[in-house]
Amino acid sequence: MKVEDFEVLKKYADEDTALPDNIEEVMRVNNLLPSTIQKWTKLYTTQKYLVSQLKVSLNKIYGELYYYYKFNDNVSWGTTKEIESQIYKDSKYLAAVKEYDTQKYYYDFIEETLVNIKNLGFTIKNYLDYKKMLYTTG
């Protein structure tokens, strides 16, 4: 996911998690809730897959660099800590870590939004029960 896509996604998240003020709009949101949950579930699974692939790629880069610094570098690095210090400053590894962290942030946001949308059903039910109670007691 690109930064621009994420900015658009944040706007959709605000819209999809907002509870309207009037009863007609609440009913409309309630009716659309299953399709909204499905849309966010698809985003969630897609992003989850992307993050898992990036994690595998990151581990592969780490392994290749570890092997290089352990066996093929001109300098003999004695400890794992010394080797890791070289890996952690490698530009290819840093770029992979940055991409992974960015996509993981997007993933966490989508996951939290999906949870909020699923909980919106309970909020709507409570809202409708409250309105029903107001109209029947008054």
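Reply: **One residue and its surroundings**

Gln 86 sits in helix α3, which covers residues 80–87; a helix here is a DSSP run of H or I with at least four residues, a strand is a run of E with at least two, and both are numbered from the N terminus. The model is predicted, so local features need pLDDT of at least 70 and side-chain atom pairs count only at pLDDT 80 or more, while totals for chains, interfaces and linings use all residues. Residues are numbered from 1 along each chain as its sequence is written, and side-chain values use heavy atoms, with hydrogens and water left out.

Is Gln 86 buried or exposed? Gln 86 has a relative accessible area of 13%, so it counts as buried (buried is under 20%, exposed is over 50%, partly exposed is in between, with a 1.4 Å probe and protein chains only). Apart from neighbours within four places in sequence, Gln 86 is in contact with Tyr 69 and Trp 77, where contact means heavy atoms within 4.5 Å.

An α-helix has 3.6 residues a turn, so residues three or four places apart point the same way.

Now the rest of the chain. The protein chain has 4 helices and 0 strands, and its pattern along the sequence is α-α-α-α. Its radius of gyration is 24 Å, well over the 14 Å that the globule rule gives for 138 residues, so the chain is more spread out than a compact globule. This radius is taken over C-alpha atoms, and the rule is 2.2 Å times the number of residues to the power 0.38. Along the principal axes, the C-alpha atoms fill a box of roughly 85 × 25 × 20 Å. Of the 138 residues, 25% count as buried. Among contacts with a separation of 6 or more, 79% are between residues 24 or more positions apart.

Phe 6 is in helix α1, residues 3–17, and counts as buried at 4% relative accessibility. Beyond its neighbours within four places in sequence, Phe 6 is in contact with Met 1, Tyr 105, Tyr 106 and Phe 109. The C-alpha atoms of Phe 6 and Ile 110 are separated by 9.7 Å, although these residues are 104 residues apart along the chain.

Helix α2 covers residues 23–72 and holds Gln 47, which is buried at 3% relative accessibility. Not counting residues up to four places away in sequence, Gln 47 touches Met 1, Gln 103, Tyr 106, Tyr 107 and Ile 110. Thr 45 also lies in α2, but at 43% relative accessibility Thr 45 is partly exposed. Thr 45 and Tyr 107 are 62 residues apart along the chain, with their C-alpha atoms separated by 9.0 Å.

Tyr 100 belongs to helix α4, residues 91–137. Tyr 100 is buried, at a relative accessible area of 15%. Setting aside neighbours within four places in sequence, Tyr 100 is in contact with Val 51, Leu 54, Lys 55 and Leu 58. Tyr 100 and Thr 136 are 36 residues apart in sequence, yet 54 Å apart in space, C-alpha to C-alpha.
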